[in-house]
There are 2 protein chains.
Amino acid sequence: MEAHVFFLHLMLMLLAARLFGELAVRLGAPSVLGELMAGVVVGPSLLGWIAVDDVIKLLAEIGIILLLFEVGLETDVGKLLKSGKRSAFVALMGFFLPFLFGFALAFWGFGLELLVSLFVGGTLTATSIGITIRALTDLKRHNSLEGQVVLGAAVLDDVMGVVLLALLYEFSIGGGVNLTNAGKVTLFVVVFFLIAPSMAKLISLAIHKAHHATDIPGLIPTTIVSLVLFFAWLAHAMGVPALLGGFAAGLALSRFFFLPFGIALKTDPKFAHEIEGQMRPIVHLFTPIFFVTVGLSLNMREIDWTSPFIWQFSLGMLVLAVAGKILGALLLREDWATRWRIGVAMVPRGEVGLIFAELGRTSNIFSNEIYAGMLLVVAFTTLVAPLGLKLLYRGEPDLAGR
Amino acid sequence: MEAHVFFLHLMLMLLAARLFGELAVRLGAPSVLGELMAGVVVGPSLLGWIAVDDVIKLLAEIGIILLLFEVGLETDVGKLLKSGKRSAFVALMGFFLPFLFGFALAFWGFGLELLVSLFVGGTLTATSIGITIRALTDLKRHNSLEGQVVLGAAVLDDVMGVVLLALLYEFSIGGGVNLTNAGKVTLFVVVFFLIAPSMAKLISLAIHKAHHATDIPGLIPTTIVSLVLFFAWLAHAMGVPALLGGFAAGLALSRFFFLPFGIALKTDPKFAHEIEGQMRPIVHLFTPIFFVTVGLSLNMREIDWTSPFIWQFSLGMLVLAVAGKILGALLLREDWATRWRIGVAMVPRGEVGLIFAELGRTSNIFSNEIYAGMLLVVAFTTLVAPLGLKLLYRGEPDLAGR
């Protein structure tokens, strides 16, 4: 594509994101919802001004990775571990219930084939960390108890989702299931989260040293972004979703991060603060590109709205997708408000769900109708949850108004 | 290209830029020189780890546009206009002398064809604003008198270079020269620089308003980058180099900018300062990508080092390229130190020169040998000038040490 055309497209995406974001907020919805809609409006679904191409895809991926870096940066590992058991419970429930529900309805309800039904179930498993956290951040609740539980749970079932994907992929090509392979993935994930933060921490100390040694400006943006890109790559190389690499790097640089072998590597809060300050504009520049791109890649025109199947299928799946995530949370031992908030916050599906659907289509497991139906479900969960959260926090002391 | 591979490449470019930049400074050279070398080292010339692809090209172009935005942001229009006459003189001299010298040597010295010789001359005309300004900025001299003169002159002969390119292009395809066309280009350039800054200024006021109205963070990075992208697009659409669009946008947002109809649109220094603060990390992230990319695109392997012609041709052209730029400056009515500094600062060729050479090759006007020779000249001017400047400022009160 010609450079100047690309400039125009990028500008359009950024401005549309801002415009619809502001609009959403005026209408009492979180801004992330507006940014998703922006993609739907300027994308193939409506105006068709912009289509997703490789460059936009790359920038969008950098956007979500940087967003998770910032999420990690603001995460208190201590809190996260404290909420660990609840997160694990929510994650397990929120993973298996939607999978089983989705599979059951597809297999017995609609009489789809085994493999198709498995993929349908898989598409419903993973919560979208990006959208969930953005929705909570828009409400200034990402550091609340429920925020911590949801974050932990979302990370966990993202990982489980990827493991399942590996399993089903094996199954779809080889016919059989290769458990050692899935085991390897799981192992890698665990190893990654054991070594990555400490590794990133050590590197950040070198950057800190360099920061005091150099006269050339611009050390922090270039080196920190490099650090994030490296861990995104490392994550991918180990079969972990790249965005979790960004999350790990952020955790390591967070002011609240501590290593097992503790004080030796204490974070200099001034440096951590400077990193936050310099990275924020970069994160704010890239993240809208991701959310708009999600909207762009949901082509509503691919859906044959006249077919009754689509409506029954996607509506049924939507109900199960929502119920499956909320149910687990309702079994927690918290006050009901918190349970509901956690449950609803877990509802949005995103990255991993789209990967499932995409793989399902490209490997001819999903018919166009099924694919469209699943897209619809993913779309609605991402659109409904932020609104639900907004409602659940109504009447609370409004932290959202800055 | 797979996303994770791209992450690795981008990381490599950023780190190499930083590493070689630091190295250059330790060796007493400006860091921009190191960043160019970084590209040569990791690129096809040496290690061949990274090749320029469309994504990198786009990011690099955004980098140079953002750099010129920052240059504009720090430019005092008053000063610039005051140095206008000298800039115009230096620009005219620095444009025509290299063109004539280059043409003469090619046509009579090496007996090349008319069109070839014209393209050779054209390749030598335009100073690289980006490299010149970075070199002066590394020495903290971009706001000195010579800095202003050079900036003005570089902008002017960039424009003249583009007009000439339009002329020669007509000539190369149509055979004849279409002056009205060149006239149109010139007109557009003038119009652009008359309207663009005022237009950008008006838009920036809207952004300023929005800045106070919104609760959603990240307004400045997204809207200001959009503004810059828009003027880059507008510039290109009017036949002006895109990077000058970034420059115009920067000028308009500069703290020192004033409009003919003056005080009505006075800049709020606090807001201008906030823009600078939030844009700086973004600029620092993107600009190294540009300089490394310049290094990447100079493939030294394309050159047949054994051919004596290459040596004679490129050496002869190099001498004329340097002499042609310096001579004009030496005729200025300034103290000799200033004249020399202005002259040497004008020496680096870059973007426009490379476009000339590229067009020359793709339209089969340049043989591979001539093309390689011209690349060599462009390369050496970009490498030599920063060193020369560094020497010319030796003994001066060292502003460079932060």
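**Close-up 1. Helices H1 and H3 of chain B cross at roughly 40° in this predicted model.** Here we're looking at H1(B), residues 3-26, and H3(B), residues 54-73, whose axes come within 11 Å. Angles under 35 degrees would count as roughly parallel and 65 to 115 as roughly perpendicular, so H1(B) ends up oblique to H3(B). The crossing is right-handed. On the H1(B) side, the contact is made by Phe6(B), Leu10(B) and Met13(B), and H3(B) brings Val55(B), Ile56(B) and Leu59(B). Sort that contact by class and you get 6 nonpolar residues, with no polar and no charged ones.

**Close-up 2. Phe286(A) and Phe286(B) have the most contacts inside the largest nonpolar core.** That core has 167 residues. Leaving aside residues up to four places away in sequence, Phe286(A) touches Leu59(A), Ile62(A), Gly63(A) and Leu66(A), plus Leu285(B) and Phe286(B). There's also a second, separate core of 56 residues, and among them are Phe119(A), Ala135(A), Val344(A) and Val377(A).

**Close-up 3. Helices H15 and H16 of chain B cross at roughly 175°.** H15(B) covers residues 351-362 and H16(B) covers residues 368-392, with axes that come within 10 Å. The cut-off for roughly antiparallel is over 145 degrees, so that's how H15(B) and H16(B) are arranged. From H15(B), Leu354(B), Ala357(B), Glu358(B) and Arg361(B) meet Asn368(B), Tyr371(B), Leu375(B) and Val378(B) of H16(B).

Technical notes. Residues are numbered from 1 along each chain as its sequence is written. Chains are lettered from A and ligands numbered from 1 in the order in which they are written. This is a predicted model: local features need pLDDT of at least 70, side-chain atom pairs count only at pLDDT 80 or more; totals for chains, interfaces and linings use all residues. Side-chain values use heavy atoms; hydrogens and water are left out. Axes are lines fitted to C-alpha atoms, for helices over the stretch in contact, and angles run from 0 to 180 degrees between N-to-C directions. Helices (H or I, at least four residues) and strands (E, at least two) are DSSP runs, numbered from the N terminus. A crossing is left-handed if the near helix is turned anticlockwise from the far one by less than a right angle, and right-handed if clockwise. Contact means heavy atoms within 4.5 Å. Ala, Val, Leu, Ile, Met, Phe, Trp, Tyr, Cys and Pro count as nonpolar, Asp, Glu, Lys and Arg as charged, and the others, Gly among them, as polar. A nonpolar core is a set of buried Ala, Val, Leu, Ile, Met, Phe, Trp, Tyr and Cys residues joined through side-chain atoms within 4.5 Å. Buried means under 20% relative accessible area, exposed over 50%, partly exposed in between (1.4 Å probe, protein chains only).
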